[in-house]
Amino acid sequence: MASYQQTVKLTNKMIILNAIRKYEPISRAELAQTLNLTKATVSTLVDELIDDHYCYQIGLGESSGGRRPLMLKFNERAGYTISIDIGVNYVVGVLTDLRGTIIEKFFQPFNTHDFTKTVMEVTRVIDHFLSTTAKTPYGLIGIGFGIPGLVNTENDILITPNLDWRQSNLKDIFTEQYGVPVIIENEANAGAYGEKTYGSAQDLNHFIYVSIGIGIGVGLILNNELFRGTNGFTGEMGHMIVKADGLSCRCGSKGCWEMYASEMALLNMCAAQGESLSDVTLETMIERAETSDQVKDAFNQTAHYLGIGINNIINTFNPEKIIIGNRLAKAEHLLKNELEQVIATQTLTHLRKSVDITFSQQHQHATLLGMTAFTIEQFLERQFYTDE
């Protein structure tokens, strides 16, 4: 009986805290009414949440006829998270509070094919963040990694098609090094969750996030939840065939979407047109497209194949929205017209009319914010979970 009562108490505390996070600032009376709990229960549990630094009281709210109530807010400074996005040619990280607000960010162009060197670089980033943080009640609550590869539901990295990693035990390495929970997730899944939690898709139930960097990954939010499939491997649509017997892909197949519509495909086309390999970066090509018809044509070809893949996604999933994110989102102005033309001419009419196609305003931050959201949610679940 005591165990059951403790479980109910912890569950109610979690419900109350989530309501404070969602509706803040909010009073105890409003919580009781919203959650259908007694005022006495809410008052007792709120006092405990305050004592444990999860929330705090601010000034008085407006009166509804009696005394003005004390308002409550979530304590976003009770701890902090670190999230790392490991791309093929960069490492980017953010330090955030428990509301997901970015306190500090770090970006470093970096060749991540060498696993050991990548671990050393990531360690340097994490140590820098730790050196800049003030003391908080819960300190670092966890580290999240977004990875361009197959990640199962146990946070194991199974394969990274665009990276030459011979080992990939990130979770074990960083759990042992920093003594905090470590979460590993496919970067496109994390990007989708970042848009759902903090981005432009917070009010949507069905949308697709297309992450375009050196490769292409897809994250699916279906029925308001991240869809992972049987083993967590959904979204590898960068390897759907868009050209029969086309270019050879690192996955072993030919004609994969990412061979024609990714940052890698764009840079290869620019290099083939005579651009200096040492100068070929996405940023320089965006600049050169203003004056070079050849570079502009490379962006058009990339946009054309991007449209072909997105057409397949729309016709398959009938989403409310497609969000194009990661590095190639920087080139929105060079991709949008051709992409829209492909969708207008190839996508089924009824499906085309019901979908909104946008470029992420988060650019490379969506994956990081998704990992931040995962870390915060799992931290709070651990605080209010009992297996007794």
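# Strand β14 and its sheet

Strand β14 sends Lys-321, Ile-323 and Gly-325 one way and Ile-322 and Ile-324 the other way, and all are buried. Buried means under 20% relative accessible area, with exposed over 50% and partly exposed in between (1.4 Å probe, protein chains only). In a regular strand the side chains alternate between the two faces of the sheet. β14 covers residues 321-325 and is mostly covered: five of its five residues are buried.

This is a predicted model, in which local features need pLDDT of at least 70, side-chain atom pairs count only at pLDDT 80 or more, and totals for chains, interfaces and linings use all residues. Residues are numbered from 1 along each chain as its sequence is written, and side-chain values use heavy atoms, with hydrogens and water left out.

What lies beside β14? Strand β11 (residues 207-212) runs parallel to β14, and five bridges join them. Tyr-209 has Ile-323 of β14 as its bridge partner. Val-210 stands opposite Ile-324 in β14. Strand β15 (residues 356-359) also pairs with β14 in the parallel sense, over four bridges. There, Asp-356 of β15 is the bridge partner of Lys-321. Two strands pair if DSSP finds at least two bridges between them.

Now step back to the sheet. It is open and has five strands, in the order β13-β12-β11-β14-β15. The pairing is mixed. β13 (225-226) and β15 stand at the edges with a single partner strand each, so one side of each is left without a neighbour in the sheet.

Next comes the whole chain. It has 13 helices and 15 strands. Helices (H or I, at least four residues) and strands (E, at least two) are DSSP runs, numbered from the N terminus. The radius of gyration of the protein chain is 23 Å, close to the 21 Å that the globule rule gives for 388 residues, so the chain is as compact as a globular protein of that length. That radius is taken over C-alpha atoms, and the rule is 2.2 Å times the number of residues to the power 0.38. Along its principal axes, the C-alpha trace spans about 75 × 50 × 40 Å.

How much of the chain is buried? Of its 388 residues, 52% count as buried. Contacts (heavy atoms within 4.5 Å) reach along the sequence too. Among those between residues at least 6 apart in sequence, 63% join residues at least 24 apart.
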